[in-house]
Amino acid sequence: LGDVYKRQICNSIDVELSQFGEYNLSIEDLQALAAGSTDSCGVAWGFTSSDINQFSCAHVGPTPVTVTVVDNHGNASQCNTVINVLDVTPPAIYGVRQQAFSKYEGDYTIVQALEDVTANDFCSGDLTASILVEAFDEEDNPVSFPIPADFDLQGGFSHTFTLRYSVADTSLNETWIDTTPVSYTHLTLPT
C-alpha cells in the first residue's frame, strides 16, 4: 500500500460449499478477508484479491490463502490468512422402499434390508458401504437383525417394523430415512 500510511489486516472467514461441492469468493468475501486494512491513499476494494478464488471438495478444512490489497494509486500489499471451507451438505440415500416378508421365508436379514439401497455424497463419493440400518417394532423398540422368523406376533396375524437407514459423510454431515412400515406376516407367499 502507499508509503505515507498503510495498515493491512487479513481475517479468516468461513465459506460453505454448495450442494455441488463448489464455492466462488464474492467481492463481499474478499472485503471481509481484508476488513480493517487502511491506507492514507484509500483502499481500492474492488481490486482486493485472493490467490485462490474457487473452492471445491478438495479444499474442505482450513485452506491457506494470500490476500492482496491495493490502494487507489495501484500500490499492493499482501498478507496470509486461512479460509475455512465447509462441506455442509448431507449425503443422499437412494432405493429405500416399502417391503413385506413372511415368516415362512425365514429370518429377515440386514442383507435383505440393504438390498438396492445406496448412498452418495458429492464430496465423499459412494457411501453405500457405510449405510447403517436399524429396525424398530410397533412400539418403537429396537429390534436386532436378523429379525427371527419366529418373532412373537402376540397372537396377531402381522407385525409392522420401521427400518431407519442412516449414513454420514467425511465431514460428519448425517442423513437418515425411515421406511414406510415393513410388514411381517404369517402368510405364505405364492410360489
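This short talk goes through the disulfides and the aromatic pairs of one predicted model.

The model is predicted, so local features need pLDDT of at least 70 and side-chain atom pairs count only at pLDDT 80 or more, while totals for chains, interfaces and linings use all residues. Residues are numbered from 1 along each chain as its sequence is written, and side-chain values use heavy atoms, with hydrogens and water left out.

Let's start with sulfur. A disulfide here is a pair of cysteine sulfur atoms within 2.5 Å, and by this rule the count comes to two. One of them joins C10 to C79, with an S to S distance of 1.6 Å. The angle about that S-S bond is 85°, a right-handed link. C10 sits in the loop between β1 (6-7) and β2 (13-16), and C79 in strand β8 (residues 76-86), 69 residues apart. For the strands and helices I name, these are DSSP runs numbered from the N terminus: helices are H or I with at least four residues, strands are E with at least two.

Now C57 and C123, whose sulfur atoms are 2.0 Å apart. Which hand does this disulfide have? The torsion about the S-S bond is about -75°, so the disulfide of C57 and C123 is left-handed. C57 is in the loop between β6 (54-56) and β7 (61-70), C123 in the loop between β11 (118-121) and β12 (125-126), so the pair ties together parts 66 residues apart in sequence.

On accessibility, buried means under 20% relative accessible area, exposed over 50%, and partly exposed in between (1.4 Å probe, protein chains only). C79, at 16%, counts as buried; C57, at 22%, is partly exposed, and C123 is partly exposed at 24%. Counting bonded cysteines along the chain, the pattern is 1-3, 2-4. C41 is in no disulfide, and the nearest cysteine sulfur, that of C79, is 18 Å away.

On to the rings. Phe, Tyr and Trp rings (the six-membered one for Trp) pair if their centres lie within 6.5 Å; planes under 30 degrees apart are stacked, over 60 edge-to-face, and the rest tilted. The structure holds three aromatic pairs. Among them, F101 and Y108 are stacked, 4.2 Å centre to centre with 20° between the planes. Y108 and F145 have centres 6.3 Å apart and planes at 35°, so that pair is tilted. Y108 is buried at 2%, whereas F145 is partly exposed at 22%. F101, Y108 and F145 form one aromatic cluster.
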